[in-house]
Every structure is written in C-alpha cells, then in structure tokens.
Amino acid sequence: MFRALGSIWLCCFFLQVSLFFYVSYGNLITCSGIVPMRYRNDKISITDFGGVGDGRTLNTKAFRAAIYRIQHLRRRGGTLLYVPPGVYLTESFNLTSHMTLYLARGAVIKATQDTWNWPLIAPLPSYGRGREHPGGRYMSFIHGDGLRDVVITGENGTIDGEGAIWWNMWRQRTLQFTRPNLVEFVNSRGIIISNVIFRNSPFWNIHPVYCSNVVIRYVTILAPPDSPNTDGIDPDSSSNVCIEDSFISTGDDLVAVKSGWDEYGIAYGRPSSCITIRRVTGTSPFSGIAVGSETSGGVENVLAENIVLYNTGIGVNVKTNIGRGGFIKNITVSEVFMENVRTGIKIAGDTGDHPDNNFNPNALPYVKGVTFKNIWGVKVQRAGSIQGLKNAPFTGICLSKVNLHGTTGPGSPPWKCSDVSGAAIEVSPWPCAELTSPQQSGSCASPF
C-alpha cells in the first residue's frame with residue numbers, strides 16, 4: 001500500500017477520497033499514516049561517543065561519529081540516537097537513512113555561532129542559485145540528502161539554530177551566501193518530524209525539497225516576529241506531505257508551499273502536490289497559510305483546514321508573478337478562524353523577486369480552482385484582494401461562507417479584484433463583481 005502511495009495517481013486520489021486514506025481516531029482525522037513510525041531495536045546515546053551537554057563543549061565530532069556508526073553498521077530496522085537532557089553545542093551535521101534522532105525532555109541541540117567554518121553546498125537546481133545570493137548556500141544545521149526512513153522526534157526537546165547572528169548579518173548586508181535552514185531534507189522519502197521544538201532558525205525552519213511521504217506533526221516552531229525569512233514549514237517540489245497539529249510563531253510565512261524559482265523551476269519541472277495542512281495555529285507579520293511565490297514547477301492538490309491565525313499580516317495568501325510560469329490549481333482552504341489580521345485573503349500575480357534578469361516575462365502562471373470556504377475573521381482590516389494578470393486571468397476562484405469583518409475605513413473597499421473570474425456564496429462583506437456571476441457558480445464545486 002505504501003509503495004502505491006508513491007504514484008502520482010494515488011497521490012491525487014489520496015486527497016479526492018480522503019476517507020480511503022485518512023485514519024480516524026474518534027473524531028480526529030489525520031494523514032500521518034502515510035509514513036509509519038518505526039520502532040528501532042538498536043539504540044545508542046550521544047554520550048557513548050563523547051557528547052557533553054554542558055552548553056560549552058563542541059559536540060560536532062560526537063554527532064558525526066554516532067551517525068557514521070549508524071550508517072556503516074546498518075543494524076536491522078535502523079538505529080535510534082538518543083540525546084539526553086542537556087545543551088549540546090554543535091556545528092551542522094548530516095543525518096543518514098534508517099535512523100531516529102530522539103531528543104529527551106530538556107535536551108537542546110544548539111548551533112554554534114562560528115559561522116566562518118559553516119559548510120557550503122551547491123544551490124538547488126530548481127532555484128539556480130542561493131535564495132538570497134548568487135552561488136552556493138550554507139548547509140542546513142541538520143541536513144539530509146538522498147535519505148530514506150528518517151525520524152526526528154522525542155519528548156519536546158529543542159533544536160536551536162541560534163539565528164540572531166545570521167539575522168544581524170542579513171540586516172548589515174554582510175552575508176556572502178544564503179543563510180542556512182534549520183532542518184532540510186533533499187531527495188528523501190519516508191520522513192517523520194514530530195514532538196520537537198524548533199527555535200531561532202537562521203533562515204527557513206523545516207524545508208523538505210524534492211521529497212515524498214513526509215509527516216510533520218506535533219511540532220512547535222518559534223522565532224521573533226522581526227526575524228527575517230524564518231518561514232515555519234516550506235514543502236518545496238515535494239509530494240504527499242502531511243503537516244498537522246502544530247503551533248508556529250515566526251517572522252515570515254507559517255507554512256508556504258513552493259516549487260522552484262522562475263526559469264530554473266520551470267526547467268526542473270517538479271511540482272508540489274498532495275499537501276495537507278491541518279490543525280495549525282500561529283501568528284506571523286506575514287502570511288499564515290501561503291502558496292508561493294516560488295511556484296514555477298507547479299503546485300496542485302493542496303488542502304488546508306482547521307487553521308487558527310491571530311496577529312497576522314495576511315491570513316491566506318496565494319502568490320505568484322510574471323516569469324514564474326508553472327501552475328497553481330486545486331487549492332482548498334477551509335475551516336479557518338483569524339483575528340487581528342491586515343488582509344484576510346489575498347491572491348496576487350505580482351509578488352516576489354527574480355533570481356536574475358534571464359527570466360522570461362512571457363512565462364505567465366496558470367491559476368485555476370482556488371476555493372476558500374467556511375472562513376471567519378474578526379478585526380480584519382481588509383477582507384481580501386484577488387488580482388490576476390491581464391494576459392493570464394485567475395479562474396475558478398470560489399468564496400463560500402466567508403465572513404471577514406473588522407476595521408475597513410470609509411471609502412476603502414473591503415475587496416479589490418482584477419483579472420479574475422469565479423463565484424461567491426454567502427460572503428460578507430460582499431466581494432467584488434467579478435465573483436458574483438451566478439453562471440459561474442460551478443466554480444464553488446469542490447475540487448476534491
């Protein structure tokens with residue numbers, strides 16, 4: 001069954017007929033069953049390899065030695081690496097297949113502030129360069145490339161990226177390369193991340209890219225609201241991703257689905273598909289749930305539901321740009337409560353920068369089948385903005401049972417729309433005329 005889940009057809013069927021794939025515990029529906037939790041008979045401790053949790057001793061050699069042992073001894077069923085209570089200072093390190101990194105309650109894996117020796121790796125092919133600077137990029141603090149069957153879990157221990165030094169370099173414009181993510185998996189499958197606190201990432205927090213069958217559940221992600229680009233979870237050119245039951249408070253988008261950047265993402269051509277985001281609560285000066293703006297490989301079949309947002313810039317944000325190409329289709333966001341947000345819903349075709357001047361201005365994104373239903377907001381400054389592109393209108397936009405009330409001033413329309421078509425049913429305040437045609441009520445048929 002799990003091999004079958006890897007196929008694209010079953011990936012889409014997974015979202016269309018959710019009762020077939022989701023496991024229900026009482027009234028709790030979950031997609032986490034796409035990756036089974038592994039029990040490891042073989043267990044080792046970081047202290048077996050000289051690890052010292054005093055917050056001062058550098059434990060890089062201990063982590064690398066322990067993971068080397070897991071990789072080369074290859075115990076049947078894999079190995080669990082136990083990190084006991086304490087603060088374990090370390091440089092970045094790579095994980096290996098068939099392992100569990102287990103953080104006990106009170107355990108902290110903390111990144112060293114020695115940025116001079118931080119390893120560099122090649123840019124992602126779907127980005128063509130580092131996201132912030134041309135050339136390579138700093139490796140993530142905890143990294144995995146080409147892995148299978150990896151678990152990061154525990155008793156709500158902490159992975160601390162000590163990001164302030166990186167944020168300050170960004171503010172002072174002294175960075176030479178793109179900042180490291182906190183945790184990144186590349187070309188990997190069968191990944192579980194659960195019951196861990198992620199704090200102070202230098203850049204994006206959790207970044208599965210070119211991955212499949214990924215479960216991120218019961219995590220807490222924290223960074224100051226002014227920390228630059230500290231996205232919470234960014235599934236990127238990945239499929240069958242389950243994000244559930246988590247709290248995120250960061251300086252950028254809480255969850256952002258991506259798939260490559262302009263001509264590089266178009267050439268790489270790997271979409272993000274079958275992404276489920278469920279029971280996520282959080283706050284951010286930017287977006288709560290986002291698609292984009294890097295969507296050049298395409299994004300399809302995204303379901304976000306039971307979301308609670310407060311003190312947020314934009315509640316739900318679908319964003320792309322000229323030069324992106326690609327597609328955004330079959331996006332459903334439902335059962336959302338938001339309070340004290342600047343803009344409730346935003347779909348925009350003019351968002352985000354470009355990697356270089358070689359992007360094709362005629363590569364226009366295709367946006368169709370975006371549904372927002374059962375959304376309630378209070379203290380919303382502006383209900384929404386839906387602005388497509390003149391030569392690539394956004395179609396099949398549906399607003400159903402959307403109530404976004406707040407502080408829109410006199411003379412300021414609650415909705416702003418252009419180059420868009422679709423339908424609106426039971427929406428307050430009433431949206432723009434482009435979404436009121438009864439002939440287009442079919443736009444509110446569920447894509448799943």
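Let's start with one pair of residues. I142 has a bridge partner in β15, and that partner is V183. Keep in mind that this is a predicted model.

Now widen the view to the two strands. Strand β12 covers residues 142-145, and strand β15 covers residues 183-186. They pair in the parallel sense, over four bridges. What holds such strands side by side? Strands of a sheet pair through backbone hydrogen bonds, either parallel or antiparallel.

Four strands form an open sheet, in the order β7-β12-β15-β18, and the pairing is parallel. Which strands stand at the edges? They are β7, residues 93-94, and β18, residues 206-209. Each has a single partner strand, so one side of each is left without a neighbour in the sheet.

Next, strand β13. This one spans residues 148-154. Is β13 mostly covered or mostly open? Mostly covered: six of its seven residues are buried. Look at its partners. Strand β8, residues 99-103, pairs with β13 in the parallel sense over five bridges. Within that pairing, L101 has I152 of β13 as its bridge partner. Then there is strand β16, residues 189-194. Four bridges join β13 to β16, and these two also run parallel. One general point for your notes. In a regular strand the side chains alternate between the two faces of the sheet.

Let's step back to the whole chain. How many helices and strands are there? Five helices and 30 strands. The radius of gyration is 22 Å, close to the 22 Å that the globule rule gives for 448 residues, so the chain is as compact as a globular protein of that length. Along its principal axes, the C-alpha trace spans about 70 × 50 × 40 Å.

What share of the residues is buried? Of the 448, 58% count as buried. Contacts next. Take those in the chain with a separation of 6 or more: residues 24 or more positions apart account for 77% of them. As for the surface, the chain exposes about 17400 Å². Carbon and sulfur atoms supply 52% of that area.

Stay on the surface for a moment. V308, F337 and W376 form a nonpolar patch there. Together they have about 260 Å² of accessible area. W376 sits in strand β27, which runs over residues 366-387. Its relative accessibility is 43%, so W376 counts as partly exposed; the band for that label lies between 20% and 50%.

How far is K373 from E305? In sequence, 68 residues; in space, 9.5 Å, C-alpha to C-alpha.

Last stop: T295. Where is it? T295 lies in the loop between β24, residues 287-291, and β25, residues 299-319. Why does T295 count as buried? Because its relative accessibility is 0%, and buried means under 20%. What does T295 touch? Leaving out residues up to four places away in sequence, the list is V257, S259, G260, K319, T320, R324, G325, G326, F327 and I328.

To recap. β12 and β15 pair in the parallel sense. β13 is mostly covered, with six of seven residues buried. And T295, in its loop, is buried as well.

Terms used: Residues are numbered from 1 along each chain as its sequence is written. This is a predicted model: local features need pLDDT of at least 70, side-chain atom pairs count only at pLDDT 80 or more; totals for chains, interfaces and linings use all residues. Side-chain values use heavy atoms; hydrogens and water are left out. Two strands pair if DSSP finds at least two bridges between them. Patches are made of residues with over 30% relative accessible area and no salt bridge: like charges are joined within 9 Å, nonpolar side chains (Val, Leu, Ile, Met, Phe, Trp, Tyr) within 5 Å. Accessible areas come from the Shrake-Rupley method with a 1.4 Å probe; for residues, only the protein chains shown count as cover. A salt bridge is a side-chain nitrogen of Lys or Arg within 4 Å of a carboxyl oxygen of Asp or Glu. Buried means under 20% relative accessible area, exposed over 50%, partly exposed in between (1.4 Å probe, protein chains only). The radius of gyration is taken over C-alpha atoms; the globule rule is 2.2 Å times the number of residues to the power 0.38. Contact means heavy atoms within 4.5 Å.
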